[in-house]
Amino acid sequence: MTVTEHRPTGEVGRDRRRKEDARLITGRTSWTDNLSLPGMLHLAILRSPMAHARITGIDVTPARGAPGVIDVFTGQDVADIQGSLPCAWAVTPDIKQPAHPPLAVDEVRFAGEPVAVVAARDQASALDALEAIDVEYEPMPAVMDMEAALADGAPLVHESLGTNKCYTWVFDSAEAGTGGDVASAAEAADVVVRSRYVQQRLIPAFMEPRSVVVDPTQDQITVWSSTQVPHFVRFFLAFMLSMPEHKIRVIAPDVGGGFGGKLQVTAEEFISFLAARRLGRPVKCTESRAESMLAAHHGRDMIQDVEISARSDGTVTGLNVRLLANMGGYLRLLTPATPLLGRYMYNGIYKFPAHRFECTGVFTTTTPTDAYRGAGRPEATFAVERAMDDLAAKLGMDPMELRRRNWVRHDEFPFDTVTGLTYDSGNYEAATDRAMELFGYDELRREQRARRDSGDPVQLGIGISTYTEMCGLAPSRWLGSLGYAAGGWESASIRMLPTGKVEVLTGTSPHGQGHETAWSQIVADQLGVPFEDVEVMHGDTRTSYKGLDTYGSRSLAVGGIALVEACKRVVEKARPMAAHMLECDPADLEFADGAYRVKGTPGAAKSITECALAIFAAHDLPEGVEPYLDADASYDPVDFSFPHGTHLCAVEVDTETGMVTIRSYVAVDDIGRVVNPLIVEGQVHGGVAQGIAQALFEEARYDEDGNLTTGTFVEYTIPSAADLPQIVTDRTETPAPGHPLGAKGVGEAGTIASTPAVVNAVVDALRPLGVTDVRMPCTPERVWSTIAAARAASSGDGGEAR
Amino acid sequence: MIPAAFDYTRAATVEDAVTALAGAGDDGKALAGGQSLLPMLRLRLAAPAMLVDLGGLTELRGVRDDGDALVIGAMTTHDDVMRHPLVHEHAPLIAQAAETVGDRQIRHLGTFGGSLAHADPAGDLPGVALAMDAVMSVAGPGGMREVPASEFFVDYFTTALGPGDVLVSVRVPKLTGWTTHYEKFHQLAQSWSVVGVAAAVRRSNGSIAEARVALTNMGVTPVRARGVEEALRGAPATADAVAAAAGRALEGASPLTDGTASAEYRTQLAPVLTRRAVMAAGGL
Amino acid sequence: MTRITMTVDGVRYDDDVEPRTLLVQHLRDRLGKVGTVVGCDTSNCGACTVLLSGKSVKSCSVLAVQADGADVTTIEGLAGTDGELHPVQAAFHESHGLQCGFCTPGMIMSAVDLLTENADPSDAEIREGLEGNLCRCTGYQNIVKAVRSAAESMRASVPSTPESAATTEGVTT
Ligand SMILES: Cc1cc2nc3c(=O)[nH]c(=O)nc-3n(C[C@H](O)[C@H](O)[C@H](O)COP(=O)(O)OP(=O)(O)OC[C@H]3O[C@@H](n4cnc5c(N)ncnc54)[C@H](O)[C@@H]3O)c2cc1C
Ligand code: FES
Ligand code: FES
């Protein structure tokens, strides 16, 4: 049938300005914290100042009597009804999965864990009353370092588990039949390069602190939350608190960024829900930035031991990866799975014939980790891209030449990888050639040589990252086979109103990605209605009740297909009506540009809008046609899509101070067909910025007692406009074969690619000084002390990099 | 976060402020631009019982010419200081440093006097005041007194100001015929100085006649780099001579290790930045 | 409680406030000006930026009592009374200078302030001028572009006196 083959023209591909902007640029927004309800109380949460301690007593009496205070409660008070925060992904059958009480009952396992709650008439009184709560803690030993936590006799985070090891997950290509054995590969290799890379702990630091409002006074308890996952929140509140699901409504209003950090079912949501039910009054709980830094989950925090084997001509023969992944004190929604989401990507775009991957999850007395933009894949890409550079250095080869020799050529797709995936499509040569041209690679290499020769205190470095990622989380069957509790489908509903205007309900839950705009473009093309005539609704379980929300670059890759399907169903539903009005056989109609036309009879046409009105009037409906023009569709992907690209970065390193300055940055991405190039470019800019920030600026640090020492934006330094370079972006386009729009997904590409590009550049600048790695973030002091240590080592008097 | 409750009074005169602050003793705090105080109150790292707002004291705002010196009112904002023609003409070093403080919004409220009174070791203006041989005019329960910069900065976040004291103005001797530069080292635009160097140079006939150098964040208080100054006096205006002199930047310094940097790293930075500051100040 | 008077987005308000009330709390909680938001505790993020007597300040780091007698412009008072967008607002839309939009009110207010002082800033001056505003979504590139294009359109519409190019439009006193 023609409709299925209809390649959208018109709206899709246009750089439409965003619909969501109108409210955001004028301040007419609906952030959760803006809400105020009659009788609403404000919650404040007392958090543990200790990383690990037994709670031996809590005196809340003075706080109860404090001005404005209505209620104070502790973990003991709700121990029987508070349930446990969910972990949805048991990655191995023998995973250790301790309970995660929303409010600590008798022990705290990270600094910042909720210990008591005050409900008061205003926020200031609630905060004041926290100071009147007296908690007795019996300190227990803290353990922050993963290797220390695994050592014999280490203090146990969860005594009852008997170990700090959460799980070990292994993949071996020899066992899986997807490749050879890494040990034999290493034995037979001409060179083996072993490196240890450290993925420092990061804080997602979405700009809007989290906020929850719960109104228990209606038939459905309504929860407004600044979340990426309203559907998950509803499901887990019901499931973990034994509440009937149909009595809960969750709304994600305007949400100020997430980056995985709001892909969570939070203690604050549970606590607010419990408080509202206890008090029978609406409550609001808005965190401060300091609380957000402490208590919202962190990201990354892994140690990667990478061994790469190769022949002397540069052909890679094996990749062996051992990971330690810090879980923190508890498992949250996707904590154990996050490092494993990267496990399919350690091979990058290269043809490794043998691969082994082992990951051990480790409990420590720190804030739990979980998804942060890219979730596992940036780490994987970092490891392989850094290792390729280290290998090139060892072989004395140009790092780009080494990559070319090993990557999957464009005529080799679809390509079955050593990790067991099939890369759908791509053209690494094209993206790389374009990037090299924009970058001026050869010119920069010449300048680098000149600076090296003259001993310039400011050295130049060039960093490469040729990456791929997997988008579109995920095929439900794939998720099920890996122990995930949910599926990966997505849904969309179309409601065509009598006047021909269109309401779209999507199960995705955007928080900055511009779905209202992109979805309108897709629908406008599919139904042939004006862009302005489409209203996109999301983030409310009462209306968009079917869905799995927004993360993992899945919204367009998966939700977009559901949307196209739903549109097609609408077109099919209206067809009998059009045929009836045109007095012809439905099979004789073609649908294009919003109208049904009788094939071969140019004048005879009915618009879909006319059909909608006629169907609504229902005066003369053909047999079997319902009196409305709505349709639903869902989509469960059969596989991932694999965008890719080449990012190049040039840095200047001041060897006297260690200061790194990005001189130029080029990003050429291939993300398949693009619905809105403006939005895509914005996603790349933002992603690259976050990746650069990991490389150069950000790190969550703890002191030896387990206190977070980077708990405000003074210490946790996220870059401003003055700290980031102008980046040059371009695209090549290899359509995704399985997707009706040819789209692959873009939300995480920038973050995944940029971190290794920057660090490779820093190391490249310093290799002549004997530097082989710089730990992230490459702050001036880190860089300088690494140089100093390398100089000391080469002059023979030892010395350690700090 | 919201500060803990406090009493508030808006002083109508300097005498009012002194009386109110003296009455409150250790529980009282002057409120100038609030750009250091309010974040501390919000995090509840400080909880004074009484805030005495100096915001209404218009007589403490502005810059005036007083013969061989400028007098800068304590309540003059960083933004006003860095734009003031008199400052540009006679004390450009102050304008250069003020421009590096925080960001636009902070400079619109934060004050020159507040920065000095706060005496953060990472603050950029104390070092500049020291290099300029500034003199502070202080109103206190015992009347007015003058405190030279070299005696004003006493310790970590501690000045010669006692309870009831209000910094009224700062007298800055004009540097005529000098060229200056403030070299601030920090990784991110918004961050405070890891180390900063204030340098002023007077050149004559191809050599350096005189130099003034002070270091930010190389100790609990700003440090005057007398060794460098001595080495530069009469030295040829060449890169080598400056580099050699800058090597003495650590004399008198005792840098701390804190959350931002180690003492060892600061020790590396100080001579490098001193060299750069003096080179830039001297137009070399 | 202290009695204060404030003109916000052209409307005069008299209120009794606790001295510890932050200006941003007063705007949001008392006056319903929820367009101005809070992103941090330490005066770093700039999300709360408003114009206080015509100059950009972080309203989380000013007490409401300090703003007694002042004229405040928030993001909600920037558009003309007829709803016509301020050129900076229009440029943020046109150049895709926002994603989640949480930083946007502060970012726009800072940009307005910057352009009041410098009607023709270079990219580097724009970046420096916005150093007090953090955005986690955009990587700033399109924000810089938006400010540059707003500057162009403002120069085009007010050719003669640069000082008057970007006063606090929409505020009547
Ligand atoms: C994000 C951020 C970044 C910053 N970056 C920098 C930077 O890079 N460099 C830098 O130098 N500063 C920086 N600052 C601080 C800024 O310079 C402040 O303006 C300054 O430190 C304090 O000035 P204030 O007028 O705001 O004082 P306030 O905050 O009002 O007061 C500070 C202290 O000084 C006392 N005080 C103030 N005025 C007087 C007076 N006249 N008499 C007696 N006591 C007084 C107060 O009681 C209080 O204890 C930054 C601040 C922030 C929030
Ligand atoms: S909320 Fe005011 S600066 Fe962050
Ligand atoms: S647009 Fe989201 S923080 Fe700037």
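How much area do domain 1 of chain B and domain 2 of chain B bury between them? In this predicted model, where local features need pLDDT of at least 70, side-chain atom pairs count only at pLDDT 80 or more, and totals for chains, interfaces and linings use all residues, the figure comes to about 940 Å², with 79% of it on carbon and sulfur atoms. Buried area here is the accessible area (1.4 Å probe) that two parts lose on being put together, summed over both. Residues are numbered from 1 along each chain as its sequence is written, chains are lettered from A and ligands numbered from 1 in the order in which they are written, and side-chain values use heavy atoms, with hydrogens and water left out.

Now for chain C against chain B. Here 32 residues of chain C touch 33 residues of chain B, contact being heavy atoms within 4.5 Å. The two chains bury about 2,700 Å² between them, 52% of it on carbon and sulfur atoms. C:Arg20, C:Asp41 and C:Glu131 account for 25% of the area on the chain C side, more than any other three residues. Seven salt bridges turn up across the interface of chain C and chain B. In one salt bridge, B:Asp103 pairs with C:Lys58, and their closest N and O atoms sit 2.7 Å apart.

Note on methods. A salt bridge is a side-chain nitrogen of Lys or Arg within 4 Å of a carboxyl oxygen of Asp or Glu.
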